[in-house]
Amino acid sequence: MALLQNDVEVMRQAVQDDFNESILEDREPNKKLEKELVKVREELQSAQFQLSQIDAVIEAELEKSKADIERERREFAQSKRDEFQEIFDELNQSKIAYLEKLIEYRKKHSAYANEHSKTFREISHRLGLPTVDPREQFKLSIGMRYQRSEYYSPILTPDEHRDAFLEGRVSSKKDAFKK
């Protein structure tokens, strides 16, 4: 098609050049060139018609298979939806279990603080004994942006979320948790 269009342009230019020369030389334009231009234009028109017929046939065949393709696409999407729904549900269950465990931690932490204070604070203060508060070893902070090097906190940090979700990896500091 592009070749025929190029041929038409070349022939049109040749006819124009011949016409210009015939004016300058005071002679008749070459009718053979004009006939060749008409012939090439007819070939181009014929090729365009044939291509449009082929396009129409292809379009008709695509239209016939449209329903099948749409059905396959829906089945594929549904199967993937089910897979993602399962993962989504598991993430939500893990999240709820995590939050419930935080609530349990907070309640035990508060109960321990009250008990420790009632039992040891006054006597330790009177005797000048330093008290080691085991809560400090298990301190949680929801404001952490990253895992500290001294211990691995169970609080999820923004850095861990980013690493897992965007980079597909778990922090190397997780190994500090393993005993």
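I54 is partly exposed, at a relative accessible area of 46%; buried here means under 20% relative accessible area, exposed over 50%, and partly exposed in between (1.4 Å probe, protein chains only). The model is predicted, so local features need pLDDT of at least 70 and side-chain atom pairs count only at pLDDT 80 or more, while totals for chains, interfaces and linings use all residues. Residues are numbered from 1 along each chain as its sequence is written, and side-chain values use heavy atoms, with hydrogens and water left out.

I54 sits in helix α2 (residues 31-127). Helices (H or I, at least four residues) are DSSP runs numbered from the N terminus. Together with M1, L51, I58 and L62, I54 forms a nonpolar surface patch of about 440 Å² accessible area. Such patches are made of residues with over 30% relative accessible area and no salt bridge, with nonpolar side chains (Val, Leu, Ile, Met, Phe, Trp, Tyr) joined within 5 Å and like charges within 9 Å. Accessible areas come from the Shrake-Rupley method with a 1.4 Å probe; for residues, only the protein chains shown count as cover.

## Helix α1 and the core

The largest nonpolar core has nine residues: L4, V8, M11, V15, L33, L37, V40, L44 and A47. A core of this kind is a set of buried Ala, Val, Leu, Ile, Met, Phe, Trp, Tyr and Cys residues joined through side-chain atoms within 4.5 Å. Helices α1 (2-25) and α2 each supply at least two of its residues, and the largest share, five residues, comes from α2.

The buried residues of α1 are L4, V8, M11, V15, D18 and S22, and they pack against α2. V8, in helix α1, counts as buried at 12% relative accessibility. Beyond four places in sequence, V8 is in contact (heavy atoms within 4.5 Å) with L37, V40, R41 and L44. A47 touches M1 and L4, again leaving out residues up to four places away in sequence.

## Helix geometry and distances

The 24 residues of α1 should span 34 Å at 1.5 Å a residue, and the end C-alpha atoms are 34 Å apart, which agrees. The expected span is 1.5 Å times one less than the number of residues. Just after α1, D26 takes a positive phi of about 55°. V8 and I123 are 115 residues apart in sequence, and their C-alpha atoms are 107 Å apart in space.

Salt bridges that share partners join D159, R162, D163, E167 and R169 into one network. Within this group, R162 is partly exposed at 37% relative accessible area, E167 at 45% and R169 at 41%.

D163 lies in helix α3 (residues 158-167) and is buried, with a relative accessible area of 7%. Leaving aside neighbours within four places in sequence, D163 is in contact with G168 and R169.

Methods
Salt bridge = Lys/Arg side-chain N within 4 Å of Asp/Glu carboxyl O.
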